[in-house]
4 protein chains.
Amino acid sequence: MSSSTAPTDRYIAATDFYVRYAETDAQGVVHHASYIVWLEEARSHYARSVGSDYADFERAGYFMSVIAVEIRYRAPARYGSRVVISCWVQALKSRTVTFGYEVRDVAENTLHATASTEHICITREGQVVAWPTDWKQKLADGLPS
Amino acid sequence: MSSSTAPTDRYIAATDFYVRYAETDAQGVVHHASYIVWLEEARSHYARSVGSDYADFERAGYFMSVIAVEIRYRAPARYGSRVVISCWVQALKSRTVTFGYEVRDVAENTLHATASTEHICITREGQVVAWPTDWKQKLADGLPS
Amino acid sequence: MSSSTAPTDRYIAATDFYVRYAETDAQGVVHHASYIVWLEEARSHYARSVGSDYADFERAGYFMSVIAVEIRYRAPARYGSRVVISCWVQALKSRTVTFGYEVRDVAENTLHATASTEHICITREGQVVAWPTDWKQKLADGLPS
Amino acid sequence: MSSSTAPTDRYIAATDFYVRYAETDAQGVVHHASYIVWLEEARSHYARSVGSDYADFERAGYFMSVIAVEIRYRAPARYGSRVVISCWVQALKSRTVTFGYEVRDVAENTLHATASTEHICITREGQVVAWPTDWKQKLADGLPS
């Protein structure tokens, strides 16, 4: 067990699920690329938990593009475990948003990984634009007031 | 909506989850290989739902090896949907087991895919063996009495 | 080593590559879903080898949609191996095409898997249509004359 | 086109391959997690290009564990392209090694991504150990003399 690396001054959305066998590799642990997919699912859950849906975002003609990922692996996760991903808004600017994450084991509370991802908003034509007002507000609502 | 393709005379384990964005492809729908991972997760859930855990199976020195997959895609699934996978024991022999599956949309009940997978039991050394008694019983329990 | 399961009366496109570590699972072998991705890459290679490019197909507004996959796993593949996928047109109809495949180890010639996949042609709007003439011809060229 | 971000004072191993369709997502571009798998394949290629094989490393009882990934996405890659991953040793310590990477389009030379990954050596029992002498030497050989 290890103490939290998540901030305590803002909204945290946590989603949990079982490790899938396909996510493991020949080292017998979860492959490091599988975590990147988990972070994305945690963002999807974040949006749903605040009453938005990223699918609607795309239907409105916008795409949230990942421009950077930083992840630090602390302890291996294994098939048979249930993991919980905490996700929060780390920083918000007019054209970028950074999410922070913590990946833990549900049963043991082991810290598997900490991460951050940075995003921009682009249109269907690939033009970088400012966040649409309603999404900007939802993201801002997650920050300390 | 479409009527069920699942049998009504045996145990069905159903697990549901959101489509992950990483599971889509450039056609804008869920990539066909992602379904294979979903079927596996449905088998994992089947085992957990009858009080077993495939992780224990491997810790006991056995591996359930996939020897065949047949899948028919009926209608594309998309990000933003929640899907439910029904899984049942289709046939059980001393050295093989066949699972049947149905993949549907939770909200619309659309049938996305039907599938079956066949498996054998192997030891750590790769030798094909009969199912361990307790697992054989759990699998047999799912069949019509 | 095992004798060929591929037909000898038609065009065969073979592509080979190293097993990627991410394609393995905790059993220490290539995960069964990874093969499905390999079959797709073999189809991509088939198209390129006959002077077409599936990317152009999509740019022209068509999509080749997978409607069925059948695969039989014969012997596990492992990281460190180089595999070769042979791919051929198994059957061609006005609205469907079936590809056949054989997955082998390059060094040992071990047969890892045999498979077939069935496809339809759809438009961007999801309508099922006959194969565009030039693609129909390319596919027909691969069959026995 | 963009000028190189790779160092000019050390060994660079470059491997190239076609983008796989399964690596794309509903935005029509390569999914950001697919790049992480590419970086790993570039490391595999690095080892092979200097006469080592990571498969042998594991057979000798060692595992190279990823402890950190940093990646910056510069321009989207698409199906139909061939990409080349350049990989080099960025830093080497007794217990860690950092690789640097550049992902480019073969035809256009577009810079898709730059990245680094950090690794430790662990035994089958999960103990962190110093690099085995022969591997340490191979890694050191890639650095400026």
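**Exercise 1. The helix α1(C)**

How many of the residues of α1(C) are buried? Describe the helix as well.

*Solution.* This is a predicted model, in which local features need pLDDT of at least 70 and side-chain atom pairs count only at pLDDT 80 or more, while totals for chains, interfaces and linings use all residues. Side-chain values use heavy atoms, with hydrogens and water left out; residues are numbered from 1 along each chain as its sequence is written, and chains are lettered from A and ligands numbered from 1 in the order in which they are written.

Step 1. Find the helix. α1 of chain C covers residues 32-49, which is 18 residues. Helices here are DSSP runs of H or I with at least four residues, strands are runs of E with at least two, and both are numbered from the N terminus.

Step 2. Check its span. From first C-alpha to last, α1(C) reaches 26 Å, close to the expected 26 Å. The expected span is 1.5 Å times one less than the number of residues.

Step 3. Count the covered residues. In α1(C), 16 of the 18 are buried. Buried means under 20% relative accessible area, exposed over 50%, and partly exposed in between (1.4 Å probe, protein chains only).

Step 4. Look past the helix. Gly51(C) follows α1(C) and has a positive phi, near 85 degrees.

**Exercise 2. Chain D against chain C**

Work out what chain D brings to its contact with chain C.

*Solution.* Step 1. Count residues. Chain D gives 19 residues and chain C gives 19. Contact means heavy atoms within 4.5 Å.

Step 1. Take the area. The two chains bury about 1,800 Å² between them, 50% of it on carbon and sulfur atoms. Buried area is the accessible area (1.4 Å probe) that two parts lose on being put together, summed over both. Arg20(D), Tyr21(D) and Tyr79(D) supply 38% of what chain D buries against chain C, more than any other three residues.

Step 2. Glu23(D) pairs with Arg20(C) in a salt bridge, with the closest N and O atoms 2.8 Å apart. A salt bridge needs a side-chain nitrogen of Lys or Arg within 4 Å of a carboxyl oxygen of Asp or Glu.

Step 3. Find the main element. On the side of chain D that touches chain C, α1(D) gives the most, with six residues.

**Exercise 3. Chain A against chain D**

*Solution.* Step 1. Count residues. The contact takes 21 from chain A and 21 from chain D.

Step 1. Take the area. About 1,800 Å² is buried between chain A and chain D, and carbon and sulfur atoms give 52% of it. Gln27(A), His32(A) and Tyr73(A) supply 28% of the area that chain A buries against chain D, more than any other three residues.

Step 2. List the salt bridges. Chain A and chain D share two. Arg72(D) forms one with Glu118(A), the closest N and O atoms being 3.3 Å apart.

Step 3. Find the elements. α1 (32-49), α2 (54-59) and β2 (62-73) of chain A each give two or more residues to the side that touches chain D. β2(A) has the largest share, ten residues.

**Exercise 4. An asparagine in a loop**

Where does Asn109(B) lie? Describe its phi too.

*Solution.* Step 1. Asn109(B) sits in the loop between β4 (96-105) and β5 (111-123) of chain B.

Step 1. Read phi. Asn109(B) has a positive phi, near 65 degrees, and is not a glycine. Most residues other than glycine have a negative phi.

Step 2. Asn109(B) is partly exposed, with a relative accessible area of 26%.
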